[in-house]
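Keep the structure open beside you as you read.

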Amino acid sequence: MAKYSGGVTEPDALQETRELAMLTHRAAALAGADLTKAAQPMGITPSMARVLLLLDEPMPMRRIAERLLVDASYVTGVADELEARGVAERTAGPDRRVKLLAPTPAGVEIRARLVGAVTSESTAMRALDAAERAQLRSLLTKLVDGA
């Protein structure tokens, strides 16, 4: 029978893996629900909110895709929605082949409201104190950097 870090046996490791996967999934679902709750009063979708929150300055659409871990075509669709709402616009970058997505004045205002709403709706911000959030951030960073 295989032994894992800390002398954990295979059946115990399987149970622990399941529990960690379930808790990680539930935490991600809570974060998604928090974002939905924050975005809804502003009349934008969670996808639009995720992109808008990145736009503290004009950003290449490819970089947006990299930051969100999505395909560039997904960002194109969300950019279309943001433009239709009048909260973002595509502009040419220094290299004319690169398209930037930038917030419009209306987008800057919605983004500012969204930042406050996301923070106030955050389960992590409400449930954990500053030291616990720092510890969680450190552990999650270690987990994803080790992947």
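Buried means under 20% relative accessible area, exposed means over 50%, and partly exposed is what lies in between, with a 1.4 Å probe and protein chains only. With that scale, Glu-109 is partly exposed, because its relative accessible area is 44%. Before going further, please note that this is a predicted model, in which local features need pLDDT of at least 70 and side-chain atom pairs count only at pLDDT 80 or more, while totals for chains, interfaces and linings use all residues. Residues are numbered from 1 along each chain as its sequence is written, and side-chain values use heavy atoms, leaving out hydrogens and water.

What does Glu-109 pair with? Its partner in a salt bridge is Arg-113, and the closest N and O atoms are 3.2 Å apart. A salt bridge here is a side-chain nitrogen of Lys or Arg within 4 Å of a carboxyl oxygen of Asp or Glu. Side chains of opposite charge can pair when their charged atoms come close. Both Glu-109 and Arg-113 sit in helix α5, four residues apart, about one turn of the helix. Helices are DSSP runs (H or I, at least four residues), strands are runs of E with at least two, and both are numbered from the N terminus. Arg-113 has 40% relative accessibility, so Arg-113 counts as partly exposed too.

How many salt bridges does the structure hold? There are five. One of them joins Asp-80 to Arg-90, with the closest N and O atoms 2.6 Å apart. Because Asp-80 lies in helix α4 and Arg-90 in strand β4 (residues 88–92), this pair ties together parts that are 10 residues apart in sequence. Arg-90 also meets the side chain of Glu-83 in a salt bridge, at 2.3 Å from N to O.

The axes are lines fitted to C-alpha atoms, for helices over the stretch in contact, and the angles run from 0 to 180 degrees between N-to-C directions. Angles under 35 degrees count as roughly parallel, over 145 as roughly antiparallel, 65 to 115 as roughly perpendicular and the rest as oblique.

In the loop between α3 and α4 you will find Leu-69. Leu-69 has a positive phi of about 60° although it is not a glycine, and this residue is exposed, with a relative accessible area of 77%.

Now return to helix α5 (residues 105–121), whose axis comes within 9 Å of that of helix α1 (residues 10–39), the two crossing at roughly 135°. That angle makes α1 oblique to α5.

Our last stop is helix α7 (residues 130–145), where Leu-136 is found. Leu-136 is partly exposed, with a relative accessible area of 37%.
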